[in-house]
Every structure is written in structure tokens, then in C-alpha cells.
Amino acid sequence: MSEVVDHLAELTGFRDRDVMDVTLVSALRDLLEPLSVAIYRCIELGEEGCAQSRWLTRARLVAGEAVATADPLWADPSRLPPCSDKPQRLECMKSRGVLQLQQADGSWLTIFPLATEREVVGVLEIVSEQRLKSGAERMVCSVLRIYHNFQGLLDYSERDTLTGLLNRKTFDESFLKALGELPGSAACIEAGDRRHAGGARYFLGVIDIDHFKSVNDRFGHLIGDEVLLLLSRLMRSSFRFHDLLYRFGGEEFVVLMRCADEADAAHAFERLRHNTEHYAFPQVGHISVSVGFTEVRPGDSPAAAFERADRAVYHAKDAGRNQVQSHAALVAAGAMREQTQLSAVELF
Ligand SMILES: Nc1nc2c(ncn2[C@@H]2O[C@H](COP(=O)(O)OP(=O)(O)OP(=O)(O)O)[C@@H](O)[C@H]2O)c(=O)[nH]1
């Protein structure tokens with residue numbers, strides 16, 4: 001019993017979800033000594049209307065191995081195994097119940113659904129030599145309830161209540177984490193550039209709904225809120241699952257994305273612009289967004305990068321709205337000057 005409590009104390013001691021998932025599989029490995037224990041998350045690729053789903057391994061521990069493995073968050077999603085390969089996991093998610101079956105090699109597979117406040121997002125899978133006893137199954141369910149409640153608390157403090165996107169509070173931390181992955185950063189040099197062989201590049205985009213005031217004025221704030229909610233869904237389906245999506249408040253949204261180059265980033269923002277323009281919003285009809293984006297540079301601050309992207313949004317508004325503008329392209333074309341002065345916010 002005290003062993004379980006110790007593991008729970010450890011599990012709820014982290015705010016980082018990656019660490020929490022690794023801690024959860026480590027705890028269950030220690031408590032049950034199974035052949036393997038793993039957390040798989042079902043992710044929708046969702047790009048360009050393609051509704052294919054894949055399994056992302058969040059954490060997996062095999063008997064005899066000291067360290068858990070996981071897919072990197074920016075893994076190429078097309079290389080992940082399709083969800084249809086594991087119908088039992090899908091069945092467990094659908095039924096929201098525990099599934100237990102014996103495999104061809106005689107081992108036992110027990111699958112538990114993993115849910116957030118909003119939806120079932122994946123499964124916890126335990127492979128054991130013997131069938132998991134009902135007491136052990138109940139213990140795992142209880143641990144998962146605590147894990148679920150704790151994730152709910154994290155969501156509450158990190159997410160915007162209307163759209164479920166990340167809120168502004170968490171932006172600086174993620175931005176600085178991304179900064180640490182840029183080639184040449186202190187963290188990168190310390191890690192001997194091993195994790196960053198591909199040369200990570202990050203782009204920050206600011207998305208602003210055009211003439212949103214008139215949506216509120218004509219249809220009221222409730223319909224206005226619905227537009228914000230639907231736009232957040234369009235964002236989820238337009239960007240990759242590992243891109244970080246924020247609502248900064250009001251009708252201003254931010255995306256922090258990892259991708260290969262400026263052209264890829266421009267393509268992703270253009271996809272959102274296009275999807276928004278062609279979406280029929282109930283009652284309101286068609287709206288558009290203006291987008292500005294910039295590359296995150298070594299030594300950047302969140303405020304400086306945001307300001308560059310925001311200036312590109314203003315340019316998009318001035319140039320007629322419903323368009324994507326790159327800060328770098330605007331500077332190169334002489335349409336905008338590189339801001340070298342620190343803003344007042346950064347100075348104080
Ligand atoms: N419904 C709703 N409206 C909001 C919310 N937050 C801010 N707004 C409204 O968003 C509108 C923003 O309008 P402006 O910044 O003037 O810009 P705009 O009308 O979108 O025009 P442009 O950006 O120049 O295209 C204001 O009417 C705000 O009241 C919210 O949470 N819900």
C-alpha cells in the first residue's frame with residue numbers, strides 16, 4: 001500500500017506531461033512487474049481533410065529495461081503505426097472499459113482507456129505472463145483516476161476555458177524550451193547536439209480574425225464565442241498534432257510550430273487561412289483571418305518574437321486582410337524595417 005502511495009506522490013510531483021507519463025509506466029512496472037507497460041495516444045493527422053489516425057507511443061517500458069522509450073513529439077506522423085493496426089485499443093477507447101485478452105504467445109494483454117475531461121485520448125496497455133488479477137486491475141484503475149484528475153487540474157491552469165487551447169500563461173515556458181532546441185543553444189551544445197542533428201527550427205505565428213468586432217455587433221457575443229471555438233477546431237485540424245496552439249485572449253491566437261523551413265511554415269499558415277475562408281460558420285457565414293509569422297531566433301525573447309509576428313499581422317491587415325505575411329519576407333522586400341530596439345516591456 002505505502003509503495004502505491006509513494007508512486008502516486010511521485011506521479012503528482014510533476015507538471016511536465018512527458019515526465020508524468022514516464023513516471024506512470026515506471027510506477028506500474030515496479031508495482032506489477034509485467035512484461036511491458038505502455039501509454040499510446042491516438043492522434044489525428046487531420047491535415048488537408050485526411051482523417052487518418054496513428055498511435056504515438058508516449059512511454060513504454062519493457063521488463064529488464066531501465067529506461068522508458070517514447071516517440072519524439074515531432075516524429076513524422078506518417079511513420080507512426082496506423083490506429084487501425086490495433087483494433088483492440090480502438091475498441092477499448094470506444095467502450096471506455098478495460099479489455100483483457102490472451103495473445104497468441106500465451107501472454108495476457110490488458111488495455112485501459114485514458115481519458116481527459118473532453119475525450120478518450122489513448123490507452124494504457126499492460127502485457128503480463130499471467131492474467132492480471134482483479135485486485136491489480138482495480139489498483140491500476142484507481143491510479144489512472146488520480147492521473148486523470150491531476151491532468152484535469154493541469155488543463156484547468158494551462159488551457160483557455162472556451163476553446164481548450166493553451167493559454168498565454170504557458171507560452172513563455174514552451175517558447176524557452178523551443179529556444180533550447182535551436183542549434184547552437186547552450187542546452188544543445190551541452191547535449192553534444194545529439195538530439196538536434198536535424199537542426200530544429202521553430203516558427204511563431206499570430207492569427208487575428210478579420211472584422212471580428214462586426215461579428216459581435218451583428219450576431220451578439222454568444223455567436224462570437226462560437227466563432228472563436230470553431231476557429232480553434234479549424235486550427236487543430238490545420239496544424240500538426242505537435243504544434244502548440246494558444247488563445248492569447250480575445251480574438252488573437254498564436255501557434256508555435258517546429259518545421260523544416262520558412263516555406264513549410266508559410267504553407268501551414270496558408271492552409272489555416274484557406275480552411276477558414278472556406279468554412280461556413282453557422283449564422284455568420286464566412287469570415288477570414290490575417291496571419292503574421294516569424295522564425296524563432298537563437299537568443300530571442302518571447303516578447304521580441306511575438307512582436308515581429310504581430311507587426312506582420314498589422315501589415316496583413318493594412319494590405320487588405322485575409323492573407324499570410326512573413327516578417328522575414330517583408331523585411332527582405334523593404335516593406336518593413338527590422339526592429340532592433342528592445343520594447344518597453346523587455347526593458348523593464
Ligand atoms: N465574442 C467575443 N468577442 C470578443 C472576445 N474577446 C474580444 N472580443 C471582441 O473582439 C473584437 C476585436 O475587435 P478589433 O480588435 O477592433 O478588431 P476587428 O473588428 O477584428 O478588426 P480587424 O482586426 O482590424 O480586422 C472586439 O469587438 C472585442 O469585444 C471574446 O472572448 N468573445
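Student: Where is His211 placed?
Tutor: His211 sits in the loop between S6 and H7; helices (H or I, at least four residues) and strands (E, at least two) are DSSP runs, numbered from the N terminus. Residues are numbered from 1 along each chain as its sequence is written. This is a predicted model, in which local features need pLDDT of at least 70, side-chain atom pairs count only at pLDDT 80 or more, and totals for chains, interfaces and linings use all residues.

Student: What is the phi of His211?
Tutor: The phi of His211 is positive, about 50°, although the residue is not a glycine.

Student: How many other C-beta atoms lie within 10 Å of His211?
Tutor: There are 14, and His211 is therefore partly exposed. A residue is buried if 20 or more other C-beta atoms lie within 10 Å of its own, exposed if 12 or fewer, and partly exposed in between, with C-beta atoms placed from the backbone.

Student: And Glu33, what is its phi, and where does it lie?
Tutor: Glu33 has a phi near 50°, a positive value in a residue other than glycine. Glu33 belongs to the loop between helix H2 (17–32) and strand S1 (36–44).

Student: Is Glu33 buried or exposed?
Tutor: Glu33 is exposed, because 11 other C-beta atoms lie within 10 Å.

Student: Turning to the ligand, which residues come nearest?
Tutor: Of the 16 residues around the ligand, the nearest are Asp210, Phe212, Lys213, Gly224 and Gly250. A residue is near a molecule or strand if its C-beta atom, placed from the backbone, lies within 6 Å of it.

Student: Which elements give two or more residues to that shell?
Tutor: Those elements are strand S6 (202–209), helix H7 (212–219) and helix H8 (221–238).

Student: How does the shell divide by class?
Tutor: The shell around the ligand has 3 nonpolar, 6 polar and 7 charged residues. Ala, Val, Leu, Ile, Met, Phe, Trp, Tyr, Cys and Pro count as nonpolar, Asp, Glu, Lys and Arg as charged, and the others, Gly among them, as polar.

Student: Which residues of H8 are buried?
Tutor: In H8, Gly224, Val227, Leu231, Met235 and Ser238 are buried. Seen down the axis of H8, these buried residues fall within an arc of 80°, so they line one face of the helix. The arc is that of the directions from the helix axis to the C-beta atoms.

Student: What covers them?
Tutor: The cover of the buried residues of H8 includes S6, H7, strand S7 (244–249), strand S8 (252–258) and helix H9 (262–277). Two residues are in contact if their C-beta atoms, placed from the backbone, lie within 7 Å.

Student: What about helix H5, which residues are buried there?
Tutor: In H5 (residues 171–179), the buried residues are Phe175, Ala178 and Leu179. They cover an arc of only 105° around the axis, which puts them on the same side of H5. Their cover includes S6, S8 and helix H10 (302–318).

Student: Where is Asp160, and what does it contact?
Tutor: Asp160 is in the loop between helix H4 (134–158) and H5. Leaving aside its neighbours within four places in sequence, Asp160 is in contact with Leu165, Asn167 and Arg247.

Student: Finally, how is the chain divided?
Tutor: The protein chain is divided into domain 1 (2–158) and domain 2 (168–347), with bounds that come from an automatic or database domain assignment. The C-alpha centres of domain 1 and domain 2 are 32 Å apart.
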